[in-house]
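Hi,

Here is the structure I promised to pass on. Have a look at it first, and my notes follow below.

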Amino acid sequence: MTQFLSANDAPDINALINSAKAFKADPFGQQPGRQKMVINLFFNSSLRTRMSTEKAARQLGADVITYDASGGWGIEFADGSVMNGNTAEHVREAAGVLSQYCDVLCVRSFPSLEDRAADYEDRVMKSFVKYATVPVVSLESATRHPLQSLTDCLTIAEHRTVARPKVVLTWAPHPRRLPQCVSNSFAEWMRAWGEVDLIVANPPGFNLAPAFAPKNIVTHDQRAAFAGADFIYAKNWSAYDEYGATTTNFGDWMIDEEKMTLTNNAYFMHCLPVRRNVVVSDGVLDGDRSLVLQQANNRTWAAQAVLASLL
Ligand code: CP
């Protein structure tokens, strides 16, 4: 691997899962990070991604610097721009400078949700890849969250009781409009992994981009989708078609105990943070089929597998 931005950068997902499992069994077993530096650059908030990536780097023997880029110099991404506005530094220099300070550069940058074409270009992440001279890891971009998705593959691999489980990615209510990154990425990785039957359930108007969720795996009937499911993965996302639009008319999309009885005693998954009793009821989240804390734990081992490969 030379970068980690999407499932395309993981030609053998099972090899990465196995590497993550090995680190989980023996966190300090390999130290490819000795005398190396990892920089984490955050343009947006984080709890899990920040902590788990720092922990993973340290367990590999690396040093790590985390930089809150939202409080730093405004970075310009447009080529040829006359920089007489709010941006003080071009990504060409920023990426070039940071590359001299580290061996792996990790970046988080969310979408604007205003301009679909610009967001789906993934300009921030691609600019860092273009101008950095070290491998770049996405800590969540405008379109994807690959470390979360690898974690989700690992968590399903650990808990499945059938070779090919039925996995439902379901839209759930949320008071704010959210990116499509986690859901795009989850669908991309489940399909690339090829070891689950994936259904995406969402209200009309909330289909993900067809490149991530083609129409043949999409339903607007959440209850029908839940029938016989082995894993329920809940997430809110704003609309792709009417880009960035959301709704406060949530209908009956919250996940609760009654809906979970429609499943094959499914596990409940969510990447966190989660809004209790909006996305999912307390009873499901606190129930013995909830995997949300195991998922958060697995973020460390997934990050360790990826960083080890790049270091
Ligand atoms: N799941 C996840 O990425 O959490 P954070 O936004 O807290 O990093």
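**What I found**

Let's start with Ser109, which is buried because 23 other C-beta atoms lie within 10 Å. (A residue is buried if 20 or more other C-beta atoms lie within 10 Å of its own, exposed if 12 or fewer, and partly exposed in between, with C-beta atoms placed from the backbone.)

Before going on, two things to keep in mind. This is a predicted model, where local features need pLDDT of at least 70, side-chain atom pairs count only at pLDDT 80 or more, and totals for chains, interfaces and linings use all residues. Residues are numbered from 1 along each chain as its sequence is written.

Back to Ser109: you'll find it in the loop between E5 and helix H4 (116-121). (Helices, H or I of at least four residues, and strands, E of at least two, are DSSP runs numbered from the N terminus.) Ser109 touches Phe43, Asn44, Val124, Met125, Ser141 and Ala142, leaving aside residues up to four places away in sequence; contact here means C-beta atoms, placed from the backbone, within 7 Å. Leu41 is 68 residues from Ser109 in sequence, yet their C-alpha atoms are 8.7 Å apart in space.

Two of those contacts, Val124 and Met125, take us to helix H5 (residues 123-131), where Val124, Met125, Ser127 and Phe128 are buried. These four sit on the same side of H5, because they cover an arc of only 160° around the axis (the arc is that of the directions from the helix axis to the C-beta atoms). An α-helix has 3.6 residues a turn, so residues three or four places apart point the same way. The cover over the buried residues of H5 includes helix H3 (91-101), strand E5 (104-108) and strand E6 (136-138).

Now the ligand. Around it are Ser46, Leu47, Arg48, Thr49, Glu140, Gln148, Cys271, Leu272 and Pro273, where near means a C-beta atom, placed from the backbone, within 6 Å. That shell divides into four nonpolar, three polar and two charged residues. (Ala, Val, Leu, Ile, Met, Phe, Trp, Tyr, Cys and Pro count as nonpolar, Asp, Glu, Lys and Arg as charged, and the others, Gly among them, as polar.)

Glu140 also turns up in the UniProt record: an unreviewed entry lists Glu140, His174, Lys235 and Arg275 under "binding site". (UniProt positions follow the numbering used here, feature names are shortened, and annotations may be inferred rather than shown by experiment.) Buried or exposed, what is Glu140? It is buried, with 26 other C-beta atoms within 10 Å. Its place is in the loop between E6 and helix H6 (146-159), and Glu140 touches Thr49, Arg108, Phe110, His145 and Cys181, not counting residues up to four places away in sequence. Arg275, in the loop between E11 and helix H10 (282-285), counts as partly exposed, with 15 C-beta neighbours inside 10 Å.

Finally, the sheet. Five strands form an open, parallel sheet in the order E9-E8-E7-E10-E11, with strand E9 (218-219) and strand E11 (267-269) at the edges, each pairing on one side only. (Two strands pair if DSSP finds at least two bridges between them.) Strand E10 (residues 231-235) and E11 are joined by three bridges, and Phe231 stands opposite Tyr267 in E11.

Happy browsing!

Methods:
Two residues are in contact if their C-beta atoms, placed from the backbone, lie within 7 Å. UniProt positions are given in the numbering used here, feature names are shortened, and annotations may be inferred rather than shown by experiment.
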